Amino acid sequence: MRSTRATRAVLALMEADPAAARSGTEVVAAMERRGVPVNRVTVYRLLDRLAVAGLLERHVDGQRVTRYSMAGSAPDRWAARFECADCHRQFRISEATAPLRAALRRVLQALAEAGHAPETADVAVRGRCAQCTPPEAPR
């Protein structure tokens, strides 16, 4: 990939919050807030190229919106994230990593034993984030 101004700007934005999962629209808006004029189509194409190059992860959320985040460095090529059903923000699941990895390895092993050749896994948990969950009523 060429190191264009747009490429550097998008990577800088994504690296500023590597756990964030942004849509193309959110990337364009963030770039404009930073004073970087961008073409919407260019940003979408660039996000796709960065995902193909392995620098970004691409996934579709519960609302069928394609989102991009910095590619993880997990050696067994798996990703786990939590998606809020209300605000649609996404967070990487870093807590309980060992149990999640163990469970995922068992799933991948079962698939391999059935003759499949799994390459990657994408785990998405949907619910309400801490900010969107109302506090419990006093008892």
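Trainee: Why is His59 called buried?

Mentor: In this predicted model, His59 has a relative accessible area of 7%, and because a residue counts as buried when that value is under 20%, His59 is given that name.

Trainee: Where does His59 lie, and with which residues is His59 in contact, leaving aside its neighbours within four places in sequence?

Mentor: His59 belongs to strand β2, which covers residues 56-60, and its contacts beyond those neighbours are Ala21, Val65, Thr66, Arg67, Ser69, Arg81, Gln90 and Asp122. One of these, Arg67, is also the bridge partner of His59 in β3.

Trainee: Why are β2 and β3 called paired strands?

Mentor: Two strands pair if there are at least two bridges between them, and five bridges join β2 to β3, so the two strands meet that condition. They run antiparallel, and Arg58 stands opposite Tyr68 in β3. The two strands form a hairpin with five residues between them, and in the turn Arg64 has a positive phi of about 65°.

Trainee: What makes β1 and β2 the edges of the sheet?

Mentor: The open sheet is formed by three strands in the order β1-β3-β2, with antiparallel pairing. Strands β1 (22-23) and β2 each have a single partner strand, so one side of each is left without a neighbour in the sheet.

Trainee: How do you know that helix α3 has a span close to the expected one?

Mentor: Helix α3, residues 40-52, has 13 residues and reaches 19 Å from its first C-alpha to its last, which is close to the 18 Å expected at 1.5 Å a residue.

Trainee: Which residues of α3 are buried, and what puts them on the same side?

Mentor: The buried residues of α3 are Val43, Leu46, Leu47, Leu50 and Ala51. They cover an arc of only 135° around the axis, and therefore they lie on the same side of α3.

Trainee: What do the buried residues of α3 pack against?

Mentor: They pack against the helices α1 (5-16) and α2 (24-33), and also against the strands β2 and β3 (66-70).

Trainee: How many helices and strands does the chain have, and how much of the chain counts as buried?

Mentor: The secondary structure comes to four helices and six strands, which follow one another along the sequence in the pattern α-β-α-α-β-β-β-β-α-β. Of the 139 residues of the chain, 28% count as buried.

Note on methods:
Residues numbered from 1 in each chain as written. Predicted model: local features only at pLDDT ≥ 70, side-chain atom pairs only at ≥ 80, totals over all residues. Heavy atoms only, no water. Buried < 20%, exposed > 50% of the residue type's maximum accessible area, 1.4 Å probe, protein only. Contact = heavy atoms within 4.5 Å. Expected span 1.5 Å × (residues − 1). Arc of directions from axis to C-beta.
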